[in-house]
Amino acid sequence: MSRIGYSPVSIPEGVTVDLTDDTITVKGKLGELKQTFSEITIKIEDNEISFERPSDRKTHKAKHGLYRSLVYNMIEGVTEGFTKELELVGVGYRASNQGQKLDIAVGFSHNIVIDLAPEVKLETISEKGKNPIIKLSSFDKQLVSQVAAKIRSFRRPEPYKGKGIRYVGEYIRRKAGKSA
């Protein structure tokens with residue numbers, strides 16, 4: 001059983017946290033994030049945010065840790081930000097960007113063009129002899145992870161040759177092919 005909800009979250013320098021009835025707002029140098037909450041009491045004192053649950057019911061226990069993790073990710077996001085890197089593995093797989101438009105060629109008869117949200121910074125890296133890399137960065141962890149998962153869903157890595165779009169450092173369990 002996790003007890004992560006009991007540990008307080010410290011507020012670093014340069015970050016302001018505002019608490020209204022059911023919304024917490026975190027502002028920092030990279031941006032501003034809002035999160036609504038329910039059934040959990042949030043207190044701010046001495047540059048620390050603490051979370052209390054009203055009872056030991058299963059839903060209260062689940063929300064206790066959830067809201068603590070969400071607020072921690074919000075504070076980390078507005079101070080440092082989050083980065084996801086995707087690697088295109090396959091012959092002829094390419095990626096390029098024009099502003100916030102990502103253009104990827106991953107073996108279909110046409111290129112896939114995706115418009116990204118303005119909060120997500122996009123960078124494509126193509127070096128000769130290496131797989132193309134798509135680098136996504138943002139202050140919102142949920143948004144950057146959702147965009148990365150959407151891009152990965154266009155061509156998931158397959159277990160026989162390992163071709164597809166994968167996260168950098170992701171391990172793909174390989175299968176043996178046909179045996180004669």
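Biologist: In which strand is Thr-23 found?

Modeller: Thr-23 is found in strand S3. Keep in mind that this is a predicted model.

Biologist: Why is Thr-23 called buried?

Modeller: Its relative accessible area is 17%. Buried means under 20%. The value for Thr-23 is 17%, so Thr-23 is buried.

Biologist: What makes the pair of Thr-23 and Asp-22 a polar contact?

Modeller: The two side chains make that contact at 3.4 Å. The cut-off is a pair of N or O atoms within 3.5 Å. Residues adjacent in sequence count only if both atoms are side-chain atoms. Here the contact runs from side chain to side chain, so the pair counts.

Biologist: Which residues does Thr-23 contact, leaving aside its neighbours within four places in sequence?

Modeller: Thr-23 is in contact with Asp-18, Lys-34, Gln-35, Thr-36 and Phe-37.

Biologist: How do you know that S2 and S3 pair?

Modeller: Two strands pair if there are at least two bridges between them. S2 and S3 have four bridges, so they count as paired. The sense is antiparallel. As an example, Val-17 has Val-26 in S3 as its bridge partner.

Biologist: What holds strands together in a sheet, in general?

Modeller: Strands of a sheet pair through backbone hydrogen bonds, either parallel or antiparallel.

Biologist: What is the strand order in the open sheet?

Modeller: The order is S2-S3-S4, and the pairing is antiparallel.

Biologist: Why are S2 and S4 said to stand at the edges?

Modeller: Strand S2 (16-19) and S4 each have a single partner strand, so one side of each has no neighbour in the sheet. On average, neighbouring strands of this sheet are turned by 15° against each other, direction ignored.

Biologist: Which helix lies across S3 and S4?

Modeller: Helix H1 does, covering residues 58-79. H1 runs at about 170° to S4.

Biologist: Why is Glu-39 called partly exposed?

Modeller: The relative accessible area of Glu-39 is 41%. Buried means under 20%, and exposed means over 50%. Glu-39, at 41%, falls in between, so the term is partly exposed. Glu-39 is found in the loop between strand S4 (32-36) and strand S5 (41-45).

Biologist: What is the phi of Glu-39?

Modeller: Phi is near 65°, a positive value in a residue other than glycine. Asn-47 is not a glycine either, and has a positive phi of about 55°. Asn-47 is found in the loop between S5 and strand S6 (48-52).

Biologist: Which residues does the UniProt domain annotation cover?

Modeller: The unreviewed UniProt entry gives "Large ribosomal subunit protein uL6 alpha-beta" for residues 11-81 and 89-167. Over residues 11-81 the chain is 31% helix and 34% strand. Residues 89-167 are 16% helix and 38% strand.

Conventions:
Residues are numbered from 1 along each chain as its sequence is written. This is a predicted model: local features need pLDDT of at least 70, side-chain atom pairs count only at pLDDT 80 or more; totals for chains, interfaces and linings use all residues. Side-chain values use heavy atoms; hydrogens and water are left out. Helices (H or I, at least four residues) and strands (E, at least two) are DSSP runs, numbered from the N terminus. Buried means under 20% relative accessible area, exposed over 50%, partly exposed in between (1.4 Å probe, protein chains only). Axes are lines fitted to C-alpha atoms, for helices over the stretch in contact, and angles run from 0 to 180 degrees between N-to-C directions. Contact means heavy atoms within 4.5 Å. UniProt positions are given in the numbering used here, feature names are shortened, and annotations may be inferred rather than shown by experiment. A polar contact is a pair of N or O atoms within 3.5 Å; within protein, one must be able to donate a hydrogen and the other to accept it, and residues adjacent in sequence count only if both atoms are side-chain atoms.
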